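Hi everyone, thanks for coming.

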Amino acid sequence: MILMHTQCSICDARINVEESVEVAEIISCTECKNKLEVTGKSADTVTVKEAPKVEEDWGE
Amino acid sequence: MRKINIGLLHTTIRGDEKLLISAAQKRGCVIDVVDVREQIFDPTDFSSTYDAVLERCVSTVKGTHAVEFYESMGVIAVNSLKVSRICENKFTTSLVLVNHHVSTPRFALVFAEAQAKEAIEELGGYPVVIKPISGSWGRLLARVNDEDALEALIEQKMMLGGPHHQAIYLQKYVEKPGRDIRINVIGGRVVAAIYRMSDHWITNTARGAQAQPCSVDADLEKIAQKAAAAIGEGIFGIDVFETKEGYVVNEINHTTEFKNVQRVTGIDVAGAMIDYCISRAKKSKRL
């Protein structure tokens with residue numbers, strides 16, 4: 001499993017992310033536990049922003 | 001022969017969508033991941049290379065509008081707008097099931113407290129379940145055990161909720177054996193099923209229920225296929241209760257989450273979904 005890196009947009013912690021991560025996927029910060037949305041992916045880094053909160057029409 | 005091109009419409013990528021992407025790639029399809037939040041749905045000069053779009057939006061509002069756009073532009077959408085419109089509203093779904101003689105818990109829709117009390121008497125009394133007409137993952141469900149609770153809940157809905165919360169969907173409470181069944185029907189074929197085990201009366205896996213494999217007997221297969229046929233052609237996650245009188249269909253999901261089903265049964269649900277999209281695309285374009 002190859003790991004990439006990013007910085008939590010909320011607590012600034014450095015986070016390892018699996019290479020298979022997709023843009024728009026929701027991940028969790030291992031430090032502050034907040035949910036983050038992947039916004040971009042390059043050779044060895046990903047960018048993230050705070051994930052949207054669950055909305056009323058979310059589901060299956 | 002050219003490759004089938006599928007647009008996967010989404011608002012976030014879950015484990016389910018990653019399974020779908022992988023399944024499409026294994027089948028030699030081109031799969032284009034389309035975040036509908038970034039799109040401009042303008043019909044002027046629209047062009048598309050998609051043979052089909054597979055709607056997987058976690059947001060029902062965004063997903064249904066995206067499907068409406070692509071379908072109106074002549075692109076095959078899975079699921080269709082007709083199916084989405086039925087499944088996104090619990091009252092509509094229940095009416096379709098009743099009209100097609102599919103066993104389902106008794107229900108009623110009211111707009112006010114007095115009518116709610118009268119309807120509950122007609123349903124056989126307390127407890128009843130009050131659900132939002134749209135919504136998922138077992139959120140905002142309430143088991144109402146008595147009139148005091150009913151009055152409080154309706155007052156809160158009327159005061160705090162938006163207009164759609166003033167449509168009060170009541171369902172007769174069904175005693176379950178600590179589980180319900182989620183069964184996946186794809187293109188009219190039963191593909192897989194799980195039990196969702198929980199000590200709580202809400203048995204959604206999103207609310208902590210544990211998934212276990214479920215073998216499908218003839219009666220379960222029959223009611224699942226009948227329910228799917230009532231809604232239309234497509235991909236469904238059907239929630240079924242086991243009762244003394246037999247199986248009853250509770251709800252039908254049109255952007256079904258399936259990774260737990262795939263995990264515990266070992267059945268390639270994602271592959272079956274992609275195969276279905278391919279067959280729909282080929283059928284429509286005679287590829």
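Two salt bridges turn up across the interface of domain 1 of chain B and domain 3 of chain B, where a salt bridge is a side-chain nitrogen of Lys or Arg within 4 Å of a carboxyl oxygen of Asp or Glu. In a salt bridge with 2.7 Å from N to O, the side chain of B:Arg14 meets that of B:Glu257. There are also five residue pairs in polar contact between domain 1 of chain B and domain 3 of chain B (both at pLDDT 80 or more). A polar contact here is a pair of N or O atoms within 3.5 Å; within protein, one must be able to donate a hydrogen and the other to accept it, and residues adjacent in sequence count only if both atoms are side-chain atoms.

Which elements give two or more residues to the side of domain 1 of chain B that touches domain 3 of chain B? They are helix 1 (15-26) and strand 3 (52-55) of chain B, with helices (H or I, at least four residues) and strands (E, at least two) taken as DSSP runs, numbered from the N terminus. Helix 1 of chain B gives the most to that side, four residues.

A word on the ground rules. This is a predicted model, so local features need pLDDT of at least 70 and side-chain atom pairs count only at pLDDT 80 or more, while totals for chains, interfaces and linings use all residues. Residues are numbered from 1 along each chain as its sequence is written, chains are lettered from A and ligands numbered from 1 in the order in which they are written, and side-chain values use heavy atoms, leaving out hydrogens and water.

Now the chains. Contact (heavy atoms within 4.5 Å) links 16 residues of chain A with 26 residues of chain B. The area buried between chain A and chain B is about 1600 Å², 41% of it from carbon and sulfur atoms. Three salt bridges cross this interface. B:Lys18 pairs with A:Glu25 in a salt bridge, with the closest N and O atoms 2.8 Å apart.

Definitions and conventions. Buried area is the accessible area (1.4 Å probe) that two parts lose on being put together, summed over both.
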